[in-house]
Amino acid sequence: MHRLLASRRSLSPTLAILATASSFAACAPWDLGEDEPPRVDDPGSVAIAAEPPPAISGGTLAVSRSAVRAVASDPDRDRVWIVDLQAQTLTAAIDLEKGDEPGRVVEDDAGRFHVALRRGGAIVTIDADSGKIVDRRAACPAPRGIAYDARTDELHVACLGGELVTLPAGPGDATRRLQLERDLRDVVVDGDRLLVSKFRAAELLTVNADGSVAGRQKVPQFTLSGQEFVPTVAWRTVGLPSGGVAMVHQRALIAPVEVVEGGYSSGGCDGSVVHSTVSEVGTPDSDEQPRLFPALPSATLPVDLAVSADGASYAVVAAGRNEILITTSASLNASKGFEGEGTCIDAQERVAVDGEPTAVAFAGDVVIVQTREPAGLHVLGTPGSFGNRVADHVITLPGESRKDTGHEMFHRNASGPMACASCHPEGGEDGHTWVFNPIGPRRTQFVSGGILNTAPFHWDGDMSGIEAIMDEVFERRMGGVHQGPRRVNVFARWIDSLPAPPVSLAPDKDAVVRGEALFHDKTVDCARCHAGAQLTSNESFDVGTGKAFQVPSLVRIGARAPFMHNGCATSLRDRFTDPACGGGDLHGKTSHLSEDQIDDLVAYLETL
């Protein structure tokens, strides 16, 4: 059932399709070249899920403090599973509302489990003994992280829109709503303070009991063999028993990337321009000197992290390789670097999992792995005499198949150290500006919200459609395997199914109304290029930024900082107030607008 991989592998530096691409061509994704769609059980064909599954977010599994029960969110099927780990049997399957997309799970002192509904905008409370939902409460449009505070018997919910919401663990509405920065991910209770991670920036905010933000901790830059990397995409952040957190995140190359035949390469641990690591942040000794934790080679798409009860062992889900990496805090700390120079270290154990792993948790010394397709919980026992864990049991979770070739192509990369989702996590973007030689700096672009009708692609508009992306970028530049037209179209179909993230409510509705009027005012001239369902004309113009660039979609623009093709604007306001970055009046006539009018325009853009 599991292939145990004890030694380090030699890997080719094949990269995923979207490292530079923004999206794909305006083709008919449902036209598969045959009269009927392929059957999922036909091994010679592609698989198409009846309902396109969401992009992987990871971190959907919780084990009770008694280690006898597991509760798993299933965002592919809008369901929550309850499993008896001692009997190794399914005890309850709880159906949620369609489109809820359940995510993080946390247990309170009363033994109830609380689940964040990523698109349902709510928290559901589950009585695990009865297998029933006992409460559903609104939290924010896009809940992401959730934590239980035993001191106050409260829940804290971190949201994509920057909201940090506090609710009683028992019945009752929210007791506090703070507005922090956008792109919040996980929240951890650390004494009388909260530690809140930011997803794409891989930063940690410290929030005092009174709601004030006391500080920000950034993971330091990393240099390996003369190549510099910056932290990006904090997939999962969990608390440590001794205080502070462990954060599994990626690092992205900031040195120029050579665009060559056969693949981009950094010369790093596994030749990739992106690698993964686990960093300890906010720990009692972390303020003395920033520590650089080693790169983990071939930990492609590290969507989840679990820490053992004693804090000694870490388990990481490498979803891009269908593997679980298990190592120790001592091993990582023994290999850490200082003053910018980093190292590489392989995990002590690599366990290949049949299925598509998305979440992991410890139950004592045993590792529990959740797979999305087929749905199941894999119980990995303690290491044997050769240091490798064995698969004791697989608990099958029944339900409809969500196997989808497009979804798999986006997340999976068995032969290389990156996947498409490495640069486009959850179908979005990593917030990184790549420097491609000889192309120049190019900010990763957004691929959710229905983007097939925005061709041509790339900032330069040099990719006429998805076929061009596959031929030029995936095959020639990245050394990828040729994909036939059926697989290309299925890939495009899945990409185009990705919905844009939920948008938070505007704090000042009057400002939004005024900003909308300015946006459509011909003297300001925004709507001439940014129009239609995707808010783009699909054309290229020189708007005073050095050359002609493709007009980007403004769908969910407020959540996509930094802005412009080179990431020069850290905020939407900067885009309008810095002519050297935004292009001045060649890029919308805004120099005559007052400060208040700029604020109104930004308020409107943040609602798109």
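**Ground rules**

I worked from a predicted model, in which local features need pLDDT of at least 70 and side-chain atom pairs count only at pLDDT 80 or more, while totals for chains, interfaces and linings use all residues. I number residues from 1 along each chain as its sequence is written, and side-chain values use heavy atoms, with hydrogens and water left out.

**Entry 1: an open sheet**

I took helices (H or I, at least four residues) and strands (E, at least two) as DSSP runs, numbered from the N terminus, and I counted two strands as paired if DSSP finds at least two bridges between them. With that, I found an open sheet of four strands in the order S2-S3-S4-S5, with antiparallel pairing. Strand S2 (61-63) and strand S5 (89-95) are at the edges with a single partner strand each, so one side of each has no neighbour in the sheet. On average, and with direction ignored, neighbouring strands of this sheet are turned by 15 degrees against each other; axes here are lines fitted to C-alpha atoms, for helices over the stretch in contact, and angles run from 0 to 180 degrees between N-to-C directions. I then looked at strand S3 (residues 69-74) and strand S4 (residues 79-84), which pair in the antiparallel sense over six bridges, and I noted that valine 71 has isoleucine 82 in S4 as its bridge partner.

**Entry 2: salt bridges**

I searched the whole structure for salt bridges (a side-chain nitrogen of Lys or Arg within 4 Å of a carboxyl oxygen of Asp or Glu) and found 45. For their surroundings I used "buried" for under 20% relative accessible area, "exposed" for over 50% and "partly exposed" for in between, with a 1.4 Å probe and protein chains only.

The salt bridge between arginine 112 and aspartate 108 has an N to O distance of 2.8 Å; arginine 112 is partly exposed at 21% relative accessibility, whereas aspartate 108 is buried at 0%.

In the salt bridge of arginine 216 with glutamate 203, the closest N and O atoms are 2.8 Å apart. Because arginine 216 lies in strand S17 (residues 213-218) and glutamate 203 in strand S16 (residues 203-207), this pair ties together parts that are 13 residues apart in sequence. Arginine 216 is partly exposed at 40% relative accessible area, and glutamate 203 is buried at 11%.

Lysine 547 and aspartate 460 meet at 2.6 Å, N to O. Lysine 547 is in the loop between strand S33 (540-542) and strand S34 (548-550), and aspartate 460 is in the loop between strand S32 (440-443) and helix H4 (466-477), so the pair ties together parts that are 87 residues apart in sequence. I also noted one network, in which salt bridges that share partners join Glu51, Arg79, Asp95, Lys98, Glu400 and Arg402.

Nine of the nine residues of strand S20 (residues 245-253) are buried, so the strand is largely enclosed by the rest of the structure. Val245, Met247, His249, Arg251 and Leu253 point one way from S20, and Ala246, Val248, Gln250 and Ala252 point the other way.

S20 runs antiparallel to strand S19 (residues 227-239), with nine bridges joining them, and glycine 239 has valine 245 as its bridge partner. S19 and S20 form a hairpin with five residues between them, and glycine 243 in the turn has a positive phi of about 110 degrees. S20 is also joined by eight antiparallel bridges to strand S22 (residues 274-281), where valine 274 stands opposite alanine 252.

I defined a nonpolar core as a set of buried Ala, Val, Leu, Ile, Met, Phe, Trp, Tyr and Cys residues joined through side-chain atoms within 4.5 Å. The largest has 52 residues, of which Ala246, Val278, Leu305 and Tyr314 touch the most other members. Another core of 23 residues lies apart from it, with Ala511, Phe519, Phe576 and Tyr604 among its members.

**Entry 3: helices H6 and H9**

The axes of helix H6 (residues 509-520) and helix H9 (residues 595-605) come within 7 Å and cross at roughly 95 degrees. The two helices, H6 and H9, are therefore roughly perpendicular to each other, a label for angles of 65 to 115 degrees, where under 35 counts as roughly parallel, over 145 as roughly antiparallel and the rest as oblique. Contact (heavy atoms within 4.5 Å) involves residues including Ala511 and Phe519 of H6 and Leu601 and Tyr604 of H9. The buried residues of H9 pack against H6 and helix H7 (572-577).
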